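Colleague: I'd like to learn how to read helix packing and strand pairing. Could you walk me through an example?

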Amino acid sequence: MTQLESPTTTGLHTVEVTVNGQARSAQVEARMLLAHFLRQTLGLTGTHIGCDTTSCGACAVLVDGTPVKSCTVLAVQAHGAEITTVEGLAKGGQLHPIQQAFHEEHGLQCGFCTPGMMLTSVAFLKENPSPTDEEIRWALSGQICRCTGYQNIVNAVQAAATTMREA
Amino acid sequence: MYPSRFEYLAPTSVEEVIAALGEREGAKVMAGGQSLIPVLKLRVASVDTVVDINRVAGLDGIEEADGGLRIGALVRHVEAERSPLLTKRYGLLGATARLVADPLVRNRGTICGSLAHADPQGDWGSAMLAARGSVVVRGPNGERTIAVDELSLGPFMTTLQPDELITEVRVPDPGPRTGGAYLKLERKVGDFATAAVAVQVTMDNGSVGQVGIGLTGVGATNVRATAAEDALRGSEPTDEAIAGAARLAAEAAEPQSDNRGTADYKRNVVRVYCERGLRTAISAARAGEE
């Protein structure tokens, strides 16, 4: 059993994770959500908290490659995991193809949902490099965008798919 | 939003889970956490200890065993959605998995967790009623099996003891001449069902052999449409018989009027979806017959 200090003393748990390729660790309360851990403890504010009720998907990050709502995972549960946030997409000053595509296809307006949309899309395109529009809509159906009407998001994911297939 | 403070344990064996549940009052099992964490955040529930079972070995996998299927307590909805086993005779289960919540929730949430949560809006409760599933439960005195019919007592209330853990759900093999369907009306992806209907039909020489019908979101628990099942069983599935059974299923529903619709509307959705579901299931069952 993972031995954990009693909350009457400190109530803190050690979380060791790899975030965007970097080893990070911190002492956290059990009730701390992964979204807050990323934003407040690690200062990675690209992960946005939208609804806070597991409804909107703005806070999506990749945990061991799988998109999850980081407001609905405890930070302590991520112990040992590899996490990718939007800050981990660009490499060496070069935008990731999904970022480039969202930029070129106008796949965002206010940008609040965009980190989650892009991370889910990255995981999805790994599984399905040549999706139909319908499949893209299905894959992103857990995420809400209040600006775009979604069409340009679908276009962006298609454009990224094309770039990534050719890369 | 933060939940209230709780202690957190991450045992690695079923025995440790049961011991932790027995030793601590107000302890709650967390599998996928996709229902528990939201209610903790909203503080409509609070727990003293969360017993996280994600690091317990041996609770994963969907496999054929003992004349049916066993689905472990850590099987996520997404695994069910993609499993080649949950097609054809188990097609109801695959169809249900695709309509649970949204893709991100399906990546974390579990089938057994959904059954233990006993939300009458839960999809798996209805599917497992229709498929005649049962949960295998471990506690301090060993193992017992609870038919899904006997699991739920009311909203979020089950016959599980506080120190018991669902380790798997079992679904009997209904045979090759079986088809299923899950039809769900939701305002948007991820919303709770306005109403939903789970149907599984096994054909027997042109007549309906076994039939299961479960209803979602139209009662204090998931509801078995017993009269509709009885009316169809052994009969030829004519248009009249199907329409009659669907009317009986609608009568079994006890929906509440709310912002998703009036009780009458929901009852009508149950009737229409039951009729459609029966047609789909029967045609799939007949395809398995050849």
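Modeller: Let's take a helix pair, then some strands.

Modeller: This is a predicted model: local features need pLDDT of at least 70, side-chain atom pairs count only at pLDDT 80 or more, and totals for chains, interfaces and linings use all residues. Residues are numbered from 1 along each chain as its sequence is written, with chains lettered from A and ligands numbered from 1 in the order in which they are written.

Colleague: How are two packed helices described?

Modeller: By the angle between their axes and the distance between the axes. Here, helix α3 (residues 114-127) and helix α5 (residues 151-166), both of chain A, pack at about 45° with axes 11 Å apart. Axes are lines fitted to C-alpha atoms, for helices over the stretch in contact, and angles run from 0 to 180 degrees between N-to-C directions. Helices are DSSP runs of H or I, at least four residues; strands are runs of E, at least two, and both are numbered from the N terminus.

Colleague: Which residues of α3(A) and α5(A) meet?

Modeller: A:M117, A:S121 and A:L125 in α3(A) meet A:I153, A:V157, A:A160, A:A161 and A:M164 in α5(A). Contact means C-beta atoms, placed from the backbone, within 7 Å.

Colleague: And how do strands pair?

Modeller: Two strands pair if DSSP finds at least two bridges between them. In chain B, β4 (residues 62-64) and β5 (residues 68-72) pair antiparallel over three bridges, and B:E64 stands opposite B:L69 in β5(B). Their hairpin has three residues between the strands, and B:D66 takes a positive phi near 50° there. β5(B) also pairs antiparallel with β10 (residues 165-172) of chain B, over five bridges; B:I71 has B:V169 in β10(B) as its bridge partner.

Key
Two residues are in contact if their C-beta atoms, placed from the backbone, lie within 7 Å.
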